[in-house]
Number of protein chains: 2
Amino acid sequence: MKVNVKITLRKGVLDPQGKAITRALGGLGFEGVASARQGKLIELELEDGLSPEKAKETVAQMCERLLANTVMEDYEIEIVA
Amino acid sequence: MKVNVKITLRKGVLDPQGKAITRALGGLGFEGVASARQGKLIELELEDGLSPEKAKETVAQMCERLLANTVMEDYEIEIVA
């Protein structure tokens, strides 16, 4: 079972990497980029046989305990297959 | 217009961060994680008034020129809104 986790900075948290991307795109001549924010994407391959509900619950625990810094980051779990 | 770009390591490219995540999850007692791979997620906010096709084309150029290292990374563009 494949599960994707998107980890993004919470609104209001400064994102220097995103700012750097925005500026660099401008420097390359790409106009009209209002903002860019950079997050992480973690692709997990879990053993088969888990129900989607159980998988989601387990991955949420992984996020809380290891993958995300929940003070500054939000996470979103998506069961891919 | 909101556009998400997923940047992931190509198959076959070693992913030490992913390996570290897999091992750390095991250490925390999460069984059954076959593998984890870490990529980047870039959320772009573009000016309105672009057609989705034009936006996709522009963002593909951004990926080729700045956002992704196309020797080692694949990118996937998703128009969100």
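Over all chains, the structure holds two salt bridges, a salt bridge being a side-chain nitrogen of Lys or Arg within 4 Å of a carboxyl oxygen of Asp or Glu. The structure is a predicted model, in which local features need pLDDT of at least 70 and side-chain atom pairs count only at pLDDT 80 or more, while totals for chains, interfaces and linings use all residues. Residues are numbered from 1 along each chain as its sequence is written, chains are lettered from A in the order in which they are written, and side-chain values use heavy atoms, with hydrogens and water left out.

In chain A, Asp74(A) and Arg10(A) form a salt bridge with an N to O distance of 3.7 Å. Asp74(A) belongs to strand 3 of chain A and Arg10(A) to the loop between strand 1 and helix 1 of chain A, so the pair ties together parts that are 64 residues apart in sequence. Helices (H or I, at least four residues) and strands (E, at least two) are DSSP runs, numbered from the N terminus. Asp74(A) has a relative accessible area of 33% and is therefore partly exposed; buried means under 20% relative accessible area, exposed over 50%, and partly exposed in between (1.4 Å probe, protein chains only). Arg10(A) is also partly exposed, at 33% relative accessibility.

In chain B, the salt bridge is between Arg10(B) and Asp74(B), with the closest N and O atoms 3.6 Å apart. Arg10(B) lies in the loop between strand 1 and helix 1 of chain B and Asp74(B) in strand 3 of chain B, 64 residues apart.

Strand 1 of chain A is mostly covered, with seven of its eight residues buried. Strand 1 pairs with strand 2 of chain A in the antiparallel sense through six bridges, where pairing requires that DSSP finds at least two bridges between two strands. Within this pairing, Val3(A) has Leu44(A) as its bridge partner. Strand 1 of chain A is also antiparallel to strand 3 (residues 73-79) of chain A, over seven bridges, and Ile7(A) stands opposite Tyr75(A). Thr8(A) is located in strand 1 of chain A and is buried, at 16% relative accessibility. Beyond its neighbours within four places in sequence, the contacts of Thr8(A) include Gly39(A), Asp74(A), Leu41(B) and Glu43(B), contact meaning heavy atoms within 4.5 Å.

Between the chains, 31 residues of chain A are in contact with 31 residues of chain B. The two chains bury about 2,800 Å² between them, 66% of it on carbon and sulfur atoms; buried area is the accessible area (1.4 Å probe) that two parts lose on being put together, summed over both. Phe30(A), Leu41(A) and Glu43(A) supply 20% of the area that chain A buries against chain B, more than any other three residues. Strand 1, helix 1, strand 2 and helix 2 of chain A each supply at least two residues of the side that touches chain B, and strand 2 gives the most, with 14 residues. Strand 2 of chain A pairs with strand 2 (residues 33-46) of chain B in the antiparallel sense over 13 bridges. In this pairing, Val33(A) stands opposite Leu46(B). The count of salt bridges between chain A and chain B is zero.
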